[in-house]
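Biologist: Let us go through this model together. I will ask what stands behind each label.
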Amino acid sequence: MLLYAQTVSSIHRLTTDRLTQDDDHVLLHLGAQPIRLPAPLDRFMLDLVASRCTDTLIRHEGDWLFPGRSVGRPIHESQLLRRLHRVGVKSRQGRSTALFALAQELPAGQLAKMLGVHVGVAVTWQRASGGDWMTYAAAVAVRSATRAPPGVINAPET
């Protein structure tokens, strides 16, 4: 929620198969494009999946990353909200802050693909955050054209 602007209704339904490992990277699949998790979150998530897979064999909870009290059901949204509030996480404020920060760093199309949000939502957050990706893209194109050898694209500078 705080890193990738997910709603509680999305988080409570996450399943263990949404987390994959590719070489040395842990990927979280929220939208069409997976997100590479930073350390130490990557290790925490792998440990959580490993514990869920073990618990599943014993308690038949299903593939839920956050299983609920009822067998085969995820944690209820209200229960997850209560747990988050106990540790000081304000879900709506946290999601808004994450969307604002991500919209400053990523183009709207990429943000939509990564987070699984509608591109219109991503564009709205990009505008609200002051992210001007049209100007950024033009600046990168000019830098690439003036400095890179033919056929080589420079990595964008921030």
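Modeller: The second largest pocket has a volume of about 200 Å³. This is a predicted model: local features need pLDDT of at least 70, side-chain atom pairs count only at pLDDT 80 or more, and totals for chains, interfaces and linings use all residues. Residues are numbered from 1 along each chain as its sequence is written, and side-chain values use heavy atoms, with hydrogens and water left out.

Biologist: What makes something a pocket?

Modeller: The search runs on a 1 Å grid over the protein atoms alone. A pocket is an open set of points with protein on both sides within 12 Å along at least five of seven lines; a cavity is a set where a 1.4 Å probe fits but cannot get out. Grid points are joined across faces, edges and corners, and the volume is the space filled by probe spheres set on the points.

Biologist: Which residues line the second largest pocket?

Modeller: His12, Gly68, Arg69, Ser70, Arg73, Pro74, Ile75, His76, Ser78, Gln79 and Arg82. A lining residue has an atom within 4 Å of a point.

Biologist: How does that lining divide by class?

Modeller: Into two nonpolar, six polar and three charged residues. Ala, Val, Leu, Ile, Met, Phe, Trp, Tyr, Cys and Pro count as nonpolar, Asp, Glu, Lys and Arg as charged, and the others, Gly among them, as polar.

Biologist: What about the largest pocket?

Modeller: About 510 Å³ of space lies there. It has 18 lining residues, and Met1, Leu2, Ile11, Phe66 and Leu84 are the closest to its centre. Helix 2 (41-59) and helix 3 each give two or more residues to the lining. Helix 3 gives the largest share, three residues. By class, the lining holds 16 nonpolar residues, one polar and one charged.

Biologist: What makes a stretch a helix here?

Modeller: Helices are DSSP runs of H or I with at least four residues; strands are runs of E with at least two. Both are numbered from the N terminus. The protein has seven helices and three strands.

Biologist: Which residues of helix 3 are buried?

Modeller: In helix 3 (residues 77-86), they are Gln79, Leu80 and Leu84. Seen down the axis, the buried residues fall within an arc of 135°, so they line one face of helix 3. The arc is that of the directions from the helix axis to the C-beta atoms. These buried residues pack against helix 1 (8-11).

Biologist: Why is serine 129 called buried?

Modeller: Buried means under 20% relative accessible area, exposed over 50%, partly exposed in between (1.4 Å probe, protein chains only). Serine 129 has 10%, so serine 129 is buried. Of the 158 residues of the protein, 35% count as buried.

Biologist: What does serine 129 touch?

Modeller: Phe100, Ala103 and Gln104, not counting residues up to four places away in sequence. Contact means heavy atoms within 4.5 Å. The side chain of serine 129 also reaches the backbone oxygen of glutamine 126 at 2.9 Å.

Biologist: Where is serine 129 found?

Modeller: In helix 6 (residues 119-129). Ala122, Gln126 and Ser129 are the buried residues there. They cover an arc of only 70° around the axis, which puts them on the same side of helix 6.

Biologist: What does the face turned away from the buried side of helix 6 carry?

Modeller: The exposed residues Arg127 and Ala128. After helix 6 comes glycine 130, whose phi is positive, near 85°.

Definitions and conventions: Polar contact = N/O pair within 3.5 Å; in protein donor to acceptor, adjacent residues only side chain to side chain.
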